[in-house]
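Dear colleague,

I am passing on the structure we spoke about, and below it you will find what came out of going through it. Please have the sequence and the model open while you read.

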Amino acid sequence: MNDSDDFDEDYEPEAQLPGVLPHDRWMRLALDEARAAAAEDEVPVGAIVVAGGRVIASAHNQREQLADPTAHAEMIALTQAAAALGSWRLEGCVLYVTLEPCPMCAGAILQARVPIVVWGAADPKAGAVESLYKLFEDSRLNHRVDHVGHVLADECGRVLTEFFRGKRRGPGAGG
C-alpha cells in the first residue's frame, strides 16, 4: 500500500472531515471493495484496514476466484495489513467491513489483536459480533475487540440484496 513513512501514531479517526460522521468515510471505501466483488461475481463484502489515518489494506471476497473457503474480505485484508506493518499484531489498526464478521473472521480478528472493528450490515445467519455470537465480548478469550455496528447498514445491505436478487433471476434476466 503506502509508504510506512506516512504512518501517524497520533492520528485520531474522529478528526476526519467536517460534516462526515467518523466512520462513514472509511466504510465507503469498504463499500467500493464490496462493489468490486459483485463485479467479479463474488459475494459483495468489502474490507479495509486503517492505521495512522491511512488505508494499509483493502480487499473483497475472493472465494470463487481463489477456490478458497477462507478468502473472505476480512481474512485477506488482515493478511495484507500484517504484511504492510511487518507484524501479525494489528494493535494500532481499525478494520472496516461491510458485513458483520462470521465466526472464522471474528476469530482471526481476535488473533490479530485488532482493537476496533466497524461493520455495516448485520448478518443474522452467520454474524459472530452481535447476531448469533458475541465473540468480541467473550470474557473467556484473552482479547477483546471494541466494535461499532450498523455503519451505513442500509447501503451495505442493499449491495448484498441486489447481488442475491440478481442471482435468483439468473443469467440474462437483466436488471
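This is a predicted model: local features need pLDDT of at least 70, side-chain atom pairs count only at pLDDT 80 or more; totals for chains, interfaces and linings use all residues.

The side chain of K167 meets that of D41 in a salt bridge, at 2.6 Å from N to O. K167 lies in helix α5 and D41 in the loop between α1 and β1, so the pair ties together parts that are 126 residues apart in sequence. D41 is itself partly exposed, with a relative accessible area of 45%.

The count of salt bridges comes to five. E155 forms one with R28, where the closest N and O atoms are 3.0 Å apart, and this pair links helix α5 to helix α1 across 127 residues. E155 also forms a salt bridge with R35, at 2.8 Å between the closest N and O atoms. Through shared partners, salt bridges join R28, D32, R35 and E155 into one network.

Helix α5 also gives the most to the lining of the largest pocket, with four residues. That pocket holds about 450 Å³ of space and is lined by 20 residues, of which V43, L99, D123, L160 and F164 lie nearest its centre. The lining divides into eleven nonpolar, four polar and five charged residues.

Lastly, H60, in strand β2, counts as buried at 9% relative accessibility, and its side chain makes a polar contact of 2.6 Å with the side chain of E33.

With best wishes

Notes:
Residues are numbered from 1 along each chain as its sequence is written. Side-chain values use heavy atoms; hydrogens and water are left out. On a 1 Å grid over the protein atoms alone, a cavity is a set of points where a 1.4 Å probe fits but cannot get out, and a pocket is an open set with protein on both sides within 12 Å along at least five of seven lines; lining residues have an atom within 4 Å of a point. Grid points are joined across faces, edges and corners, and a volume is the space filled by probe spheres set on the points. Helices (H or I, at least four residues) and strands (E, at least two) are DSSP runs, numbered from the N terminus. Ala, Val, Leu, Ile, Met, Phe, Trp, Tyr, Cys and Pro count as nonpolar, Asp, Glu, Lys and Arg as charged, and the others, Gly among them, as polar. Buried means under 20% relative accessible area, exposed over 50%, partly exposed in between (1.4 Å probe, protein chains only). A polar contact is a pair of N or O atoms within 3.5 Å; within protein, one must be able to donate a hydrogen and the other to accept it, and residues adjacent in sequence count only if both atoms are side-chain atoms. A salt bridge is a side-chain nitrogen of Lys or Arg within 4 Å of a carboxyl oxygen of Asp or Glu.
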